[in-house]
Amino acid sequence: MENIPYSSAVGSLMYLMVCTRPNVTQAISVVSRYLACPGRGHGEAVKWIFRYLKGTLNAHLEFGGNGILTGYVDSDFGGDLDKRRSLTDYVFTLGGCAISWKSTLQSTVALSSTEAEYMAITKAIKEAIWLKAFLGEINSLGDPIMVFCDNQSVIHLTNDRMFHERTKHIDTVSLCA
């Protein structure tokens with residue numbers, strides 16, 4: 001791997017991801033963790049990302065639609081095999097086009113899939129509040145924000161304001177899920 005410009009390739013992918021291609025965020029997040037000491041498999045993963053991008057050159061973002069801010073959030077439970085932490089992913093669209101997205105490891109180890117999803121939706125709601133304030137300043141948003149989550153236990157937990165033995169470590173707040 002000494003003769004392969006791994007850091008430069010990952011940097012180029014990061015630039016592309018931030019500017020135009022949120023669909024490769026998670027893959028680039030994984031390969032960027034090994035910038036200091038990449039292995040052969042990491043180099044193959046970078047090549048795979050470049051091949052994917054070449055095969056999807058016609059994929060692009062378009063503005064249009066109804067102008068409603070919508071969020072989608074998901075998490076995996078313990079998906080990072082190195083640190084056993086979960087991954088938080090969210091994307092917000094306005095007019096059908098992605099305007100904000102994030103794919104990051106959670107700061108703590110989740111004890112259950114419900115907790116991992118709850119931490120993810122909390123991060124997404126923080127972003128939604130910021131986006132609503134920002135878009136409110138430029139006078140382009142008055143509608144409520146819809147945030148979609150696919151985990152039924154998290155939806156139930158956010159709507160139930162009671163503390164339970166299994167959730168006493170989670171600060172429950174009522175969220176729109």
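**Exercise 1. In what order do the four strands of the open sheet stand, and which stand at the edges?**

Step 1. The order is β3-β2-β1-β4, with mixed pairing. Strands are DSSP runs (E, at least two residues), and helices are runs of H or I with at least four, numbered from the N terminus. Two strands pair if DSSP finds at least two bridges between them.

Step 2. β3 and β4 (146-149) have a single partner strand each, so they stand at the edges and one side of each lacks a neighbour in the sheet.

This is a predicted model: local features need pLDDT of at least 70, side-chain atom pairs count only at pLDDT 80 or more, and totals for chains, interfaces and linings use all residues. Residues are numbered from 1 along each chain as its sequence is written, and side-chain values use heavy atoms, without hydrogens and water.

**Exercise 2. How many bridges join β2 to β3?**

Step 1. β2 (residues 87-94) and β3 run antiparallel, joined by eight bridges.

Step 2. Take F92: its bridge partner in β3 is S100.

**Exercise 3. Which residues of α1 are buried, and why do they line one face?**

Step 1. Buried means under 20% relative accessible area, exposed over 50%, partly exposed in between (1.4 Å probe, protein chains only). The buried residues of α1 are Y6, A9, V10, L13 and M17.

Step 2. Seen down the axis of α1, they fall within an arc of 95 degrees (directions from the helix axis to the C-beta atoms), so they line one face.

Step 3. The face turned away carries exposed Y15 and V18.

Step 4. The cover over the buried residues includes α2 (25-32), α3 (40-55) and β3 (97-105), where contact means heavy atoms within 4.5 Å.
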